[in-house]
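Student: Please take a close look at one part of this model for me. I would like the annotated segment first, then its surroundings.

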Amino acid sequence: VSHAGGGRGSVGKMAAPREPGGDAKRIDPAREPEQRRVMQRAEEALRQRGLQRRRLRGRNVLTGLGIGAVVLGIYGYTFYKISQERFLDELEQEVEAAKTPAN
């Protein structure tokens, strides 16, 4: 036999009203020492995560600067070497010499 609510005994039952904020309960650390310890562990874990992120951000900045320095070095070296290339000038001179009639 199928019920109109989809089965599983849900017919006739209403969901309990929920408090704002979901399933979280208000914690009173003065009365609950175990809850206080859990809160302290959670806060310490958040602090550690913040320190790890700060260290990681520093490493990422150093890595980015290193990669940027390598790229700029390659770019600058390429321009330096191209400015020293004279072989095109020599080829042009040979072409000019070949075009002019020898006397």
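Tutor: Start with the record. An unreviewed UniProt entry lists residues 61-80 as "transmembrane region". The model itself is predicted. In it, residues 61-80 are 100% helix and 0% strand. The end C-alpha atoms of that span lie 28 Å apart.

Now the helix. Helix α1 covers residues 33-84. R55 sits in helix α1 too. This arginine belongs to a positive surface patch, formed by R49, R53, R54, R55, R57 and R59. How accessible is R55? Its relative accessible area is 48%. Buried would need under 20%, and exposed over 50%. R55 therefore counts as partly exposed.

Next, the other charge. A negative surface patch is made up of D89, E90, E92, E94 and E96. One of these residues, E90, lies in helix α2, which runs over residues 87-99. E90 has 48% relative accessibility, so this glutamate is classed as partly exposed.

Finally, the whole protein. Two helices and zero strands are assigned. Of the 103 residues, 1% are buried. The protein exposes about 10200 Å². Carbon and sulfur atoms supply 58% of that area.

The record's "transmembrane region" spans residues 61-80. The positive patch includes R57 and R59. The negative patch includes D89 and E90.

Note on methods:
Residues numbered from 1 in each chain as written. Predicted model: local features only at pLDDT ≥ 70, side-chain atom pairs only at ≥ 80, totals over all residues. Heavy atoms only, no water. UniProt positions renumbered as here; feature names shortened; annotations may be inferred. Helix = DSSP H or I, 4+ residues; strand = E, 2+ residues; numbered from the N terminus. Patch = residues over 30% accessible without salt bridge, like charges linked within 9 Å, V, L, I, M, F, W, Y side chains within 5 Å. Areas by Shrake-Rupley, 256 points an atom, 1.4 Å probe, with all protein chains shown as cover. Salt bridge = Lys/Arg side-chain N within 4 Å of Asp/Glu carboxyl O. Lys, Arg positive; Asp, Glu negative; His and termini not counted. Charge placed at Lys NZ, Arg CZ, Asp CG, Glu CD. Buried < 20%, exposed > 50% of the residue type's maximum accessible area, 1.4 Å probe, protein only.
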